[in-house]
Amino acid sequence: KPGEQKHPKEPPSLQCMHLAVVACGDRLEETLIMLKSAVLFSSRRLCFHIFAEDSLKPEFETKLKEWPSSYTKKFESNIYPITFSVGNAQEWKKLFKPCAAQRLFLPVILKDVDSLLYVDTDVLFLRPIGDIWQLLREFNSTQLAAMAPEHEMPKIGWYSRFARHPYYGSTGLNSGVMLMNLTRIRSTRFKNSLIPGGLTWEEMLYPLYQKYKNYITWGDQDLLNIIFYFNPECLYVFPCQWNYRPDHCMYGSNCRGAEEEGISILHGNRGVYHDDKQPTFKALYEVIRDFPFEDNLFQSLYYPLQSRFLDTVHTLCGRIPQVFLKQIEKTMKKVYENRVIVYLGANHKY
């Protein structure tokens with residue numbers, strides 16, 4: 001089944017959940033905070049695939065080794081150079097943000113990985129990765145990737161107003177959180193606007209870019225939109241709480257799933273963790289950044305968040321603090337319940 005690794009007889013807690021990220025330029029800290037959020041809230045084993053410029057590799061290795069052993073034992077990490085298997089490497093590297101196009105080549109590079117969660121560096125997990133990993137089991141026989149819509153409302157969506165190329169659905173897709181069955185991607189022949197017959201993923205990428213390069217604004221995300229426009233049966237669309245961005249609250253609250261269940265994955269695009277345009281996003285980033293690993297989650301993470309959010313209630317996104325806190329609170333309660341059960345079990349003498 002999608003999501004199962006090479007040893008299906010292993011219990012789920014031992015199966016590795018693969019997480020990929022691409023980091024270039026000044027994205028070292030942001031990437032580390034994303035990985036920290038993944039480890040903080042996850043109880044299952046994680047395999048990190050970090051694609052980074054050569055200059056960043058020793059820094060990643062050093063920083064990850066500094067984490068306490070109680071956390072480093074929960075993951076293994078592999079760091080890869082930036083490589084593009086087809087076309088002009090410099091063209092790919094300059095497409096949109098530095099190295100962002102690397103994500104298009106993950107099915108080609110990670111040949112031994114069955115399923116993978118790709119995220120941008122500016123993503124924060126507010127609940128265990130295992131919860132989104134379970135969505136792989138909801139894929140039907142033709143679906144091979146999952147993304148969230150770029151917007152919920154076509155009248156204010158970017159693609160529906162400005163795109164000059166084909167895009168998926170009525171509002172397009174955001175590729176900042178992308179769940180992929182790589183095995184299926186590698187074995188599928190995709191319909192396209194290039195030739196009548198199908199092309200493999202790798203065969204399709206560079207010709208597709210050449211055809212549309214004068215019409216795309218958001219680089220690799222636009223190429224993914226074009227691919228799934230022609231192959232809509234291949235996509236599983238997950239709801240907005242799995243890729244919650246400032247657009248979901250700065251134009252009024254328009255992500256119903258987050259209002260009902262809380263935010264599952266926060267995506268602070270447009271640099272909002274580092275400026276004062278969306279202080280709620282910045283507060284969450286800074287509290288996770290500053291959290292001392294071995295401290296009490298409620299005392300050193302949840303309560304500081306509540307306090308910081310009080311200062312943001314005058315802002316558009318700050319008016320709904322419960323949306324940001326709901327999943328974190330649920331996750332922390334589960335962590336403590338599990339610890340209590342383990343503790344009582346270890347000390348039960350009757």
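Domain 1 (17-238) and domain 2 (241-348) each supply at least three residues to the lining of the largest cavity. The model is predicted. The structure holds one cavity of 30 Å³ or more. About 30 Å³ of space lies in the largest cavity.

## The lining

Which residues line the largest cavity? They are Arg127, Pro128, Asp131, Gln327, Lys330, Thr331 and Lys334. Helix H15 (residues 321-347) gives the largest share, with four residues.

## Helices H1 and H13

A second feature is a helix pair. Two packed helices are described by the angle between their axes and the distance between the axes. Helix H1 covers residues 28-41, and helix H13 covers residues 279-290. Their axes come within 10 Å. The crossing angle is roughly 75°. Angles of 65 to 115 degrees count as roughly perpendicular, and H1 and H13 are therefore roughly perpendicular to each other.

On the H1 side, the contact is made by Glu29, Glu30, Ile33, Lys36, Ser37 and Leu40. H13 contributes Tyr285, Ile288, Arg289 and Asp290. How do the residues of this contact divide by class, and how many are charged? Five are charged, four are nonpolar and one is polar.

Methods:
Residues numbered from 1 in each chain as written. Predicted model: local features only at pLDDT ≥ 70, side-chain atom pairs only at ≥ 80, totals over all residues. Heavy atoms only, no water. Axes fitted to C-alpha atoms, helices over the stretch in contact; angles between N-to-C directions. Helix = DSSP H or I, 4+ residues; strand = E, 2+ residues; numbered from the N terminus. Parallel < 35°, antiparallel > 145°, perpendicular 65-115°, else oblique. Contact = heavy atoms within 4.5 Å. Nonpolar A, V, L, I, M, F, W, Y, C, P; charged D, E, K, R; others polar. 1 Å grid on protein atoms, 1.4 Å probe; cavity = no way out; pocket = protein on both sides within 12 Å on 5 of 7 lines; lining within 4 Å. Points joined across faces, edges and corners; volume = space filled by probe spheres on them. Domains from an automatic or database assignment.
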